[in-house]
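Hi,

Here is the structure I promised to pass on. Please have a look at it, and then read on for what turned up.

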Amino acid sequence: MTVSAGISPLAAHPLWVAAAAGAGNPLGASFWLSSLGAFGVFLVLFAETGLLIGFFLPGDSLLFTSGLFCTTSATATVHLSLPMVLLAAVAGALSGAQVGFMLGRRGGAALVARVRNWHLHAGLERADVLFARYGYAKAIVLARFIPVVRTVLNPLAGILAVPTRTFTLWQIAGGLVWSIGVTLAGYVLGSSIPGIDQYLLPVIALIVIVSVIPVGLELWRARKTRGGRGAPNAGDEQATTINREPR
């Protein structure tokens, strides 16, 4: 990351204006990229995928925005190296998920029981639906693209004693597709569409909305299924939790 000193025409660059607007907001991607660069990518992805407290961090928008920042001039106020961003993204996504899994296996049930945040509990329910509906492999990959769910599914997999080899294989596959794919999407869009940086905030908002669509679809399908079967009793809920694909 390159930071120019003093006042210059570069300060008026749309990307820098967006970064400055979110400079004090840790919920915004620009806060991390403008202050920590590629290391911010690693830190956010590690926390979001490995620690329950990181559920609020901007994973999707951070990856996409970092790709856009890689298309700026090397002399721009904020410029990131694409290879460094990709390396940081992959390292943060993969190591974070594995740490989350191990934390879940070693004491996640007790930790989750103490969590009072409704966002996390809603994410746990959605992750449980993914496991029950798709099995281990598909659920682990799909969770990468669903905010909050990608935070809670990793420790949930540990709690449910998903085989370490199975989890590791599929979290690597999903992590690579997610981290590299979203970053390159931002890079390609920034490189191919002149002036796309002027619409950085609306584009990020669109990405956030799109990333929430899978959650909405799963909730709608789950409610439709429950509505068709009637209210589940305790035995039904236990069966839903226990019946997984063979380990």
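Which helix gives the most to the lining of the largest cavity? That is α7, with three residues. Before the rest, some ground rules: this is a predicted model, in which local features need pLDDT of at least 70 and side-chain atom pairs count only at pLDDT 80 or more, while totals for chains, interfaces and linings use all residues. Numbering runs from 1 along each chain as its sequence is written, and side-chain values use heavy atoms, leaving out hydrogens and water.

The cavity search found three cavities of 30 Å³ or more (sets of points on a 1 Å grid over the protein atoms alone where a 1.4 Å probe fits but cannot get out; lining residues have an atom within 4 Å of a point). The largest cavity has a volume of about 40 Å³, and its lining consists of Thr49, Ile140, Ala143, Arg144, Arg150, Leu153 and Asn154. Both α6 (118-143) and α7 (149-159) supply at least two of the lining residues.

Now to a helix pair. α3 (residues 38-50) packs against α4 (residues 59-69) at an angle of about 160 degrees, the axes being 10 Å apart. That makes the two helices roughly antiparallel (a term for angles over 145 degrees). In their contact (heavy atoms within 4.5 Å), Gly40, Val41, Val44, Leu45 and Glu48 of α3 meet Gly59, Leu62, Leu63 and Ser66 of α4.

Note on methods
Axes fitted to C-alpha atoms, helices over the stretch in contact; angles between N-to-C directions. Helix = DSSP H or I, 4+ residues; strand = E, 2+ residues; numbered from the N terminus. Parallel < 35°, antiparallel > 145°, perpendicular 65-115°, else oblique. 1 Å grid on protein atoms, 1.4 Å probe; cavity = no way out; pocket = protein on both sides within 12 Å on 5 of 7 lines; lining within 4 Å. Points joined across faces, edges and corners; volume = space filled by probe spheres on them.
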